[in-house]
Amino acid sequence: MAVKTASQAKAPARTRRGMSRHTRRGLITGLLFISPWVAGFLLFTLYPMVTSLIYSFSEVKFNKPLKFVGLTNYVTLFQDPRFWVSLRNTAYIVLIAVPLQLFCSFICALLLNIRVRGQAFYRVVYYLPAIVPAVASTLLWYWLLRADDGLVNHLLGLLGIQGPLWINSPQWSKPSLVLLGLWGLGGTMVIYLAGLQDVPQSLYESAELDGAGWMRRLWHITIPLISSITLFNLVIGVIDAFQYFAQAYVVGRLATASALGAPQDSTLFYALLLYDKLVNKFQIGQASAMAWILFVIILLCTLVILRSSRRWAYYEDSG
């Protein structure tokens with residue numbers, strides 16, 4: 001009996017050692033599986049971020065070592081008039097284009113959610129512009145909105161209306177880009193459409209039995225229940241708008257091959273100015289400072305949106 005008791009006393013220790021080895025082996029296996037992602041994050045995300053932060057406080061020249069200059073790059077940016085022009089142009093896209101795209105995407109999703117014959121065809125047609133490359137879609141709209149022989153001004157002329165210069169005009173260049181963005185809102189529309197299909201039909205039926213009309217059902221059922229979808233689209237839209245680049249770059253090059261942001265810096269957006277300083281002028285320190293300023297602006301805007309969403313975003317209780 002004494003020998004049996006001793007072996008029983010040693011069993012838990014062996015079990016604990018075995019569990020420890022098993023846990024350690026599982027940890028090593030898990031680390032091996034995620035090691036490609038960790039290596040990619042360290043090499044392609046964290047290292048460039050830290051490097052650009054150091055560059056933003058330095059004078060960077062290829063034939064000389066780094067020279068710490070403190071806040072000089074930031075002060076120089078704040079004294080640059082084009083920096084503030086780019087901020088104003090970008091704010092126009094954020095404050096005008098993003099809400100307009102959300103509204104139009106929601107309306108299109110409502111229409112495409114109606115059960116009609118050929119519904120799948122209509123959905124495909126509305127989504128197709130979203131998969132057209134940005135350069136190709138910009139070239140197409142530049143041809144449509146040409147002041148002299150563009151299709152839009154030709155149709156307006158048939159109605160007796162003198163069409164504007166559109167992209168070639170400082171007053172109409174940004175509205176032209178907003179129209180281009182509305183043409184390619186298929187991705188946002190699909191997300192809204194998925195949210196609409198997730199709204200319980202029983203709520204509509206109960207509201208209809210209580211005498212609620214279409215508008216009342218939309219305002220009190222549909223909009224609140226997809227408010228989380230609106231929050232997601234809003235955050236993603238704001239982040240993308242602050243990084244608006246490809247369309248403005250193509251438009252500027254088409255308007256004049258010698259200067260970005262043409263005509264008259266009306267399409268000089270923040271990301272475009274950052275590109276100009278980095279690639280064309282090799283002002284790496286100022287470009288890095290611009291990148292970190294943009295990071296802070298996007299972070300603050302996102303935090304404000306998320307904090308304000310507590311008052312209007314609804315999340316269904318999963319419990």
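Does Trp 166 count as buried or exposed, and at what relative accessibility? Trp 166 counts as buried, because its relative accessibility is 9%. Buried means under 20% relative accessible area, exposed over 50%, and partly exposed in between, with a 1.4 Å probe and protein chains only.

1. Basis. This is a predicted model, in which local features need pLDDT of at least 70 and side-chain atom pairs count only at pLDDT 80 or more, while totals for chains, interfaces and linings use all residues. Residues are numbered from 1 along each chain as its sequence is written, and side-chain values use heavy atoms, with hydrogens and water left out.

2. Trp 166 backbone. Trp 166 sits in the loop between helix H6 (151-158) and helix H7 (173-183). Helices here are DSSP runs (H or I, at least four residues), numbered from the N terminus. Phi of Trp 166 is near 55°, a positive value in a residue other than glycine. Most residues other than glycine have a negative phi, and most peptide bonds are trans.

3. Leu 144. This residue belongs to helix H5 (residues 134-144). Leu 144 is buried, with a relative accessible area of 16%. Leu 144 and Trp 166 are 22 residues apart in sequence; their C-alpha atoms are 9.8 Å apart. Neighbours within four places aside, Leu 144 is in contact with Gly 150, Leu 151 and Val 152. Contact means heavy atoms within 4.5 Å.

4. The loop between H12 and H13. Please look at two backbone features here. The peptide bond from Ala 262 to Pro 263 is cis, with omega near 0°. Pro 263 lies between helix H12 (246-255) and helix H13 (270-280). Gln 264 is found in the loop between H12 and H13. Gln 264 has a positive phi of about 55°, although it is not a glycine. Gln 264 counts as exposed, at 70% relative accessibility.

5. Helix H8. H8 (residues 186-197) has twelve residues. From first C-alpha to last it reaches 16 Å, close to the 16 Å expected at 1.5 Å a residue. That expected span is 1.5 Å times one less than the number of residues. The buried residues of H8 are Gly 186, Met 189, Tyr 192, Leu 193, Gly 195 and Leu 196. They pack against helix H3 (81-112), helix H4 (119-127), helix H10 (214-225) and helix H11 (227-242).

6. H8 with H11. The two helices pack at an angle of about 165°, with their axes 9 Å apart. H8 and H11 are therefore roughly antiparallel to each other, a term for angles over 145 degrees. Thr 188, Ile 191, Tyr 192 and Gly 195 of H8 make the contact with Ile 229, Thr 230, Phe 232 and Asn 233 of H11. By class, the residues of this contact are four nonpolar, four polar and no charged. Ala, Val, Leu, Ile, Met, Phe, Trp, Tyr, Cys and Pro count as nonpolar, Asp, Glu, Lys and Arg as charged, and the others, Gly among them, as polar.

7. H4 with H8. The angle is about 145°, and the axes are 9 Å apart. Arg 123, Tyr 126 and Tyr 127 in H4 meet Gly 186, Gly 187, Met 189, Val 190, Leu 193 and Gln 197 in H8. The contact has five nonpolar, three polar and one charged residues.

8. Gly 184. Gly 184 is found in the loop between H7 and H8. Gly 184 is partly exposed, with a relative accessible area of 33%. Leaving aside neighbours within four places in sequence, Gly 184 is in contact with Pro 129 and Ala 130.

Note on methods
Axes are lines fitted to C-alpha atoms, for helices over the stretch in contact, and angles run from 0 to 180 degrees between N-to-C directions. Angles under 35 degrees count as roughly parallel, over 145 as roughly antiparallel, 65 to 115 as roughly perpendicular and the rest as oblique.
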